[in-house]
Amino acid sequence: MRLLLITYAVILLLGVSAMLTGIHYFANIAGFISAIGLMLVFFKDRPDEESADAIKMRRYWYAVFVTGLFFSILFGSFWNDHMGNMA
């Protein structure tokens with residue numbers, strides 16, 4: 001749970017700093033972290049019978065990574081001057 005909260009705090013910090021400063025690189029970094037994490041959680045081999053606690057934690061991870069992707073799309077890709085060009 002601690003790693004989940006640290007990851008969520010980093011993603012929120014990057015997203016809010018992108019919103020406040022206007023530097024779209026921060027939101028793109030949050031989106032990159034979220035995309036990698038989403039792939040790791042989604043494609044991870046799970047046991048046939050998963051406990052209710054493991055299912056709940058997986059859903060929490062999905063919520064954290066979707067938040068990062070939302071920040072990336074909203075403040076990284078749409079609002080930069082070059083529409084996707086990182087320069």
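Helices (H or I, at least four residues) and strands (E, at least two) are DSSP runs, numbered from the N terminus. By that rule the chain described here has 3 helices and 0 strands, and its elements run α-α-α from the N terminus on. This is a predicted model, in which local features need pLDDT of at least 70 and side-chain atom pairs count only at pLDDT 80 or more, while totals for chains, interfaces and linings use all residues. Residues are numbered from 1 along each chain as its sequence is written, and side-chain values use heavy atoms, with hydrogens and water left out.

**Burial**

- Of the 87 residues in the chain, 30% are buried, where buried means under 20% relative accessible area, exposed over 50%, and partly exposed in between (1.4 Å probe, protein chains only).

**The largest pocket**

- The largest pocket holds about 220 Å³ of space; a pocket is an open set of points, on a 1 Å grid over the protein atoms alone, where a 1.4 Å probe fits, with protein on both sides within 12 Å along at least five of seven lines, and lining residues have an atom within 4 Å of a point.
- Helix 3, which spans residues 52-77, gives the most to this lining, with 4 residues.
- The lining residues divide into 5 nonpolar, no polar and 5 charged, with Asp, Glu, Lys and Arg counted as charged; among the residues of the lining are Arg46, Glu50, Arg58 and Trp61.

**Salt bridges**

- The whole structure has 2 salt bridges, each being a side-chain nitrogen of Lys or Arg within 4 Å of a carboxyl oxygen of Asp or Glu.
- Glu50, which is partly exposed at 24% relative accessible area, forms a salt bridge with Arg46 at 3.7 Å, N to O, and Arg46 is itself partly exposed at 38%.
- Glu50 also forms a salt bridge with Arg58, whose closest N and O atoms are 2.8 Å apart from each other across the pair, and Arg58 counts as buried because its relative accessibility is 17%.

**A nonpolar patch on the surface**

- Residues including Ile6, Val10, Phe32 and Leu40 form a nonpolar patch with about 1000 Å² of accessible area together; patch residues have over 30% relative accessible area and no salt bridge, and nonpolar side chains are joined within 5 Å.
- Helix 1 (2-21) and helix 2 (24-42) each give two or more residues to the patch, and the largest share, 7 residues, comes from helix 2.
- Leu40 has its place in helix 2 and counts as exposed because its relative accessible area is 60%.

Definitions and conventions:
Points joined across faces, edges and corners; volume = space filled by probe spheres on them. Patch = residues over 30% accessible without salt bridge, like charges linked within 9 Å, V, L, I, M, F, W, Y side chains within 5 Å. Areas by Shrake-Rupley, 256 points an atom, 1.4 Å probe, with all protein chains shown as cover.
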